[in-house]
Amino acid sequence: MPHVTPQQKDLPLDLVVAIGLQLIYGIAHLALISIGLAIIFGMMRVINLAHGEFLMLGGYVVVVSTNNGVNIWVAMLILAPLIVGLIGVIVERLLIRWLYGRMVDTLLATWGLSLLLIGLVTSIFGASTATTVAPPLGVLRIGAYSSSAYELFLIGVTIVLGIAIWLVLKLTKLGLVARGTMQNAEMASALGVSTSRIYMITFGLGAAVTGLAGGLLAPVTGVLPNIGATYIAKAFITVISGGASILAGTAAGSVLLGGIQGVVTFLSGPTFGEVGLLLTAIVLLRLMPRGITGRFFRKSL
Amino acid sequence: MSISRRKFIVGTSAFALASPALMGRAQGSDKIIFASILDLSGGLDIYGAPMAEATKLAIEDINAAGGLLGREVELKLYDAQSSIQLYTQYATQAAAGDRAATVHGGITSASREAIRPTLARFKTLYFYNTQYEGGVCDFNNFNTGSTPAQTVAKVVPYAMNKFGKKVYIVAADYNYGQIIAEWMQRFVKENGGETLGVEFFPLDVTNFGPTINKIQQAKPDMVLSALVGGAHVSFYRQYAAAGMNKDIPITSTTFGIGNEHKLISAEEGNGLLAAYSYFEKVDNPENKAFLERMDAKLGANRPTMNELSVRSYEGAMLWAEAVKLAGSIDHDPVWQALRSGLSYTRPSGKLTIDPQTNHVIQNVVLAELQDQEFNILESFADQPPSDTAMVCDLVADPTLSTFYFENGLAAAGIK
C-alpha cells in the first residue's frame, strides 16, 4: 500500500484549483509579455531591445487616458494598441528599416531607442505618475481562497489573442504574404510583394500587440518610466527558448518556463522560481540552440 | 564620420591639459563646496529627484541667511544615474577634485558602501540621509535616516495590537530586505507574536499570485512588507485584486518613500499602515513653512515629501549648524561640533546626533493610508538608534569604519 503523507491527504480541492489557476496565469502572463516580441523577432529577425518600453508605453496610455476621464476598457483594449502600434510604425520607418539584416546594429539602435523612450516619458510625466486605475471585475472566490477575476480575464485575452494571430496568419492575404516574406524575402520580392511594406506592418502589429499587453497589465502592476526593464529579460528568454515560430514558439516557451517557475515558486519561493526559469532556459538552449520550435513543431506557425 | 588618429590625439591631449586648470580654479574659489551625489535618472530617480530638490532648497536657505562664515555655499550636484560605478567616481571627484567640505547622498546601501570608504580615506565628512537597515559604524559617516529599531520596533507592536499576533513577512531579496526581515521577526517575537512565513522577492518580480495563495493558506492576521521598487508595486495591486486587503491588512516600513501610494489607486491602498520619521502631515510650523516653500519652488507637480527628501534638507542643515558652531569648514572641528550633542528642530521635529553611533535620535511617526494620503495615527518623540548602538561605540573607538550588519544580524553577534 502506498504511503500517504498527511499533506497529500489534506490537500483540499479549492487549494488545488487556486494553485492551478495561478500556474495558468503565470504562463499566460509570460505569453502576453512575449507575443509582440515574438512577432517582430519571428518575422523579421529583428531583436527589439525597446520591447519593455513598448509595454511601458501601453501602461502609460492607460494611466494617462484614464486620469483624463477615458473609460478603462477603451483605454486598455483600443487606445493602448492603437497608439503604441502607431509609435511602432514611426520607429520602423525612421530607425529599423535602415538596419535590416544587420542584427548587431539593430540591437544597439533599439537599445538607444529604449533609453530615449524612458527619457522622454520621464521628462514629460516625471519620475512617477499618480493613478486612479484599480483592477476591474472584482474578486473570484474559490472555496477558502480568492483570486482576481481580472486574472481570469487576462488568461482569456491571451488565448483569444493567440487565436486571432493564428487566423490572420493562416486565413488572410496579409498573413500569406507575411509568411512568404518570412520564409524567403527575396523570392517574395521577386513575385511582386512589397517586402518593405510587409515589414512596416509587421513591426506595427508587433508593437500594437505589445502595447495591448502593457495596457492590460497596467491595473495589476506599477506603471513607471523604467518598468520595461523588469519585463525585457523574461520576454527575451521566452521567445528565444520558444524558437522562430511565432505562436507555437511563444506557447511552448511560456508553458515550459512559466510552468517551471510557477511550480518552483510554490515549492520553495520566488527567488528559486526565477533561478528555475533561468536554469531551464540555459539547459534548453544548450540542447536546442534554435529553441523548442527549432526541433519540434517545425512547420507550425 | 571618422576621426583621424591625429585629431583624436590633439583633442584628448587638449582636454588632458585643460583639466588641471579647471580643478585649480575650483580650489581657488571663495565658495564653500557642498557636494551631493544622488540618482537623478535611471531606476532610482523616483527617490533621487525629490531628494535633490530638497537639497537645493537647503543650500538656497543657507545662502539666503548669509551663507556660512561669510562665504557663499555652492552646491555641486552629481547624477549617479543609478550606477554604482559613477558613485565611486563622483565621490573621488567631489573629495579630491572639488575639495568639497562635505558630501551628502547615496540612496541604496550599495551606493553608500561604494562611497563611504573613499570619503573616509579623504576625510571628507559624509552624510547618508536615507532610512536604512542600520549597522554602519563609521567615524566619518553621519547616518541621519531612521533605522529598524526606530520604525520597525514601533510599528510592529502597534499593528499586532490592532490586527493580531500572527504575521507573514514579504521582503525584497537583497541586503536591505533580508536584514529588515530579520528585524521584523525579532520584534514580532519580542512582542509575543508568531511569524508564519517569510518570502523574499528579486527586484524584477511582477507576478505575486503564488505568494498570495501561500498567504491565504497560512491565514496570518497581517502582512509585514519590506518590498522595494517599481516592480514590487504589483504585489499591493494583486493583493487588493484578490480581495485580500480587506481581510488581512498590510503594514510596511518601505511603502511610500517611492511614491507607491500614488502608484496604486485609493481603494487598493486604503488602510495600509506605515512608519517613518516623517510624513507630510506632521504638524509643526517648520514643516508648514517647508512645504509652502517647496510648493512655491516646484508648483503643482511637487512630489510628495517623505523621510528621504526631508532628511536630505535636514542633513544639509545639521552640517551647516555644525559649521557655524565650529567656526570652520575643516574636517576635525566640524566633526567635533557634530558630535557635541548637536540638536536641531526642523520639519520632521527635533533631531539630535548620537555621538556613540553617528546616527540621529529622531521622532517616529505611524500613519495610515487613506485616499492616497498618509494620516498620522501616533508619534513617538526622541527615538534612539538602539540597533546600531548594540554593536557600535564611536566614543570608545573613534577610528571605526565598518558596516556591522553586512552579513546579517547573527554575524554581527545579535541573536
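The model is predicted, so local features need pLDDT of at least 70 and side-chain atom pairs count only at pLDDT 80 or more, while totals for chains, interfaces and linings use all residues. Residues are numbered from 1 along each chain as its sequence is written, chains are lettered from A in the order in which they are written, and side-chain values use heavy atoms, with hydrogens and water left out.

**Chain B with chain A**

- The contact (heavy atoms within 4.5 Å) takes 44 residues from chain A and 40 residues from chain B.
- The buried area, which is the accessible area (1.4 Å probe) that two parts lose on being put together, summed over both, is about 3100 Å² here, and carbon and sulfur atoms give 55% of it.
- Between chain B and chain A, 0 salt bridges are found, a salt bridge being a side-chain nitrogen of Lys or Arg within 4 Å of a carboxyl oxygen of Asp or Glu.

**The two domains of chain B**

- The domain assignment, automatic or from a database, gives domain 1 (30–146 + 281–363 + 383–407) and domain 2 (152–276) of chain B.
- The centres of these two domains, taken over C-alpha atoms, are separated by 29 Å.
- In chain B, 16 residues of domain 1 are in contact with 19 residues of domain 2.
- Domain 1 and domain 2 of chain B bury about 1500 Å² between them, with 58% of it on carbon and sulfur atoms.
- Within domain 1 of chain B, Tyr47(B), Gln131(B) and Glu133(B) lose the most area to domain 2, together 35% of what that side buries.
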